[in-house]
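User: I would like to learn how to read a model like this one. Please take me through it feature by feature.

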Amino acid sequence: MSTAPRCDRTEAWARLADHHAGAGRALDLRQAFAADAGRAGAFSLQAPEVFADLSKNLWDADTRTLLLALARECRIEQRRDAMLAGEPINHTEGRAVLHTALRAPRGAAPFGDEVHEVLDRMLAYVEQVRDTAASGIRHVVNIGIGGSDLGPQMVVPALDAYTSPALTLHFVSNVDGHDIAPVLRRLDPRETLVIVASKTFTTQETMANAAVARAWFLAGYGEGGEAAIAKHFAATTTNVAAAAKFGITTTFGFWDWVGGRYSLWSAIGLPIALAVGAENFRALLAGAHAMDRHFAEAPLEENLPIQLGLLDVWYRNFLGFTSRSVAPYHQGLRRLPAYLQQLEMESNGKSVDLDGELLPFGTSPVVWGEAGTNGQHAYFQMLHQGTDVIPVEFVAVKTPCYRAEGIAELPEGVRAGLADQHHKLLANCLAQSQALMLGKSTDEAMGESAPTASKALDATTVARHRTFPGNRPSTTLVLDQLTPAALGALIALYEHRVFTSGALWRINSFDQWGVELGKALCSQLLPRFATGDTAGLDGSTAALLDRLLG
Ligand code: F6P
């Protein structure tokens, strides 16, 4: 276990506290930009595939210097290197944390032989299935939940431009039958490949959905159904024996050193590879690897994941922000907030440090969001005028990319309209970060006409309602295009940023004991749904059970 100090037990932490009590807390972004014409450049970083404008954040050069000192005192580089070398840093599960090995070139990381054997075999299988004339497969249903679902479910729409029109991907995760029923209803078993994706192959939701899918398949296929399972079902799991017991013979394995929420690069990425093809899947891995190298090699001053992680610590522990909103201005990234919720909140939603000591400071923020511009018409009101300051992370993509065979056939007027829409999208993105920062004073609002306000209201009252405090922080990440490589780099960036804040907080970012109690209580409650027995339950649960069964 690392002997590196916890962030709050360092000199830099005390100096950050002093800084926060003085200039650090008082920073006004509008004044900071007015005073320093070079601020945008000084607080921007270029990492592989991802440019980051960090200048609209509530920090100055001193804050950044102190945060970098904090990172060094917490020995972030040694801790990063320990992870990359395969040390068992997930100490409560006795495991290494080596998702980076999944995207490393042959021979460049631990376990390279195993990784590339499965990858080659999986991608050969992918190309067979994608030859739809020969395979007869038109639909792929991925059954998995959490890390066995959210990554592929996020990546497939993001890479829509690279997907094959011949194969349609469906994702089923919820134990609620309302998830799987409408999917299966539309499908023909003879044209369908079902992937059962589960690291453990024991997860209640996935096993229940897999059983339903199997029953649906056998009923719909008719004679020869049992034998056809070999062609129409595949499993991606570390528990190959359990998959075989279920009757699945086409299996792609992975290893206990791949955390569920870090697993889209492993066999869990099978639906992604089926959607975009082997070459694009390899490009996704290569983009992530480029970010891994940046994380491993760039000096801290230029290291984007580390700087984002440091900002997260500054915001959570000094400025007291409890949440961060993610606003991808690309409809293809609409599932990014959900993906990041698991990545960050399952990783860093912890209350004790590596030694089991209760932490005296906050850890994971709430991560939430929606694709832009949709979020603007829902909750941005609160971001601009609510009582809480919530840092926003915008993701903008410079050049749009539509599926070639679709867009090329469109009339010129439609294509021109789409180009115009992209400028509107980007203008909205920039305008929102501007509005958050600039705000609008009551004096400015007084100068505006407010024709719809009640005549009974005086001008100052109306202006107060129309005032924006401003000085609200945001980060803008920019990709040139949402290619597989760029997306791979973006996801790896987020992974390493979560590592950074977790390392400073000295928590284990790679276990998830907090999901276990609910699972255990569910197992105890389930039999009561058959018997109606409420004996020994707390009053609320007993009454609810009665109501649900009554
Ligand atoms: O929710 C807990 C969890 O263990 C996640 O960490 C994991 O991604 C998910 O369940 C699914 O687990 P599995 O892949 O084993 O089915």
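User: What are the ground rules?

Analyst: This is a predicted model: local features need pLDDT of at least 70, side-chain atom pairs count only at pLDDT 80 or more, and totals for chains, interfaces and linings use all residues. Residues are numbered from 1 along each chain as its sequence is written, and side-chain values use heavy atoms, with hydrogens and water left out.

User: How is the chain divided into domains?

Analyst: Domain bounds come from an automatic or database domain assignment. Here domain 1 comprises 7-74 + 298-403 + 410-438 + 472-505. Domain 2 is 99-283, and domain 3 is 520-549. The C-alpha centres of domain 1 and domain 3 are 43 Å apart.

User: Which residues are closest to the ligand, and how many surround it?

Analyst: A residue is near a molecule if one of its heavy atoms lies within 4 Å of it. The ligand has 14 residues around it, with Gly147, Ser148, Ser198, Thr200 and Thr203 the closest. By class, the shell holds two nonpolar, nine polar and three charged residues. The classes run as follows: Ala, Val, Leu, Ile, Met, Phe, Trp, Tyr, Cys and Pro are nonpolar, Asp, Glu, Lys and Arg are charged, and the others, Gly among them, are polar.

User: What polar atoms lie by the ligand oxygens?

Analyst: A polar contact is a pair of N or O atoms within 3.5 Å; within protein, one must be able to donate a hydrogen and the other to accept it, and residues adjacent in sequence count only if both atoms are side-chain atoms. A polar backbone atom of Lys199 is 2.7 Å from a ligand oxygen. Side chains take part too: a polar atom of Thr200 lies at 2.6 Å from a ligand oxygen, and one of Thr203 at 2.5 Å. The protein covers 87% of the 390 Å² of accessible area that the ligand has on its own. Such areas use the Shrake-Rupley method with a 1.4 Å probe; for residues, only the protein chains shown count as cover.

User: Is helix H8 enclosed or open, and why?

Analyst: Buried means under 20% relative accessible area, exposed over 50%, partly exposed in between (1.4 Å probe, protein chains only). Helices (H or I, at least four residues) and strands (E, at least two) are DSSP runs, numbered from the N terminus. H8 (residues 150-158) is largely enclosed by the rest of the structure, because nine of its nine residues are buried. Its cover includes strand E4 (168-172), helix H13 (270-276) and helix H22 (484-505).

User: What does His19 touch?

Analyst: Contact means heavy atoms within 4.5 Å. His19 sits in helix H1 (residues 11-26) and is buried at 9%. Leaving aside neighbours within four places in sequence, its contacts include Asp60, Asp62 and Trp314.

User: Where does the backbone stand out?

Analyst: Most residues other than glycine have a negative phi, and most peptide bonds are trans. Phe201 has a positive phi of about 60 degrees and is not a glycine. It lies in the loop between strand E5 (192-197) and helix H10 (204-221), and counts as buried at 5% relative accessibility. Asn471 also has a positive phi, near 60 degrees. Asn471 is in the loop between helix H21 (459-465) and E11. A cis peptide bond joins Gly372 and Thr373, with omega about 5 degrees.
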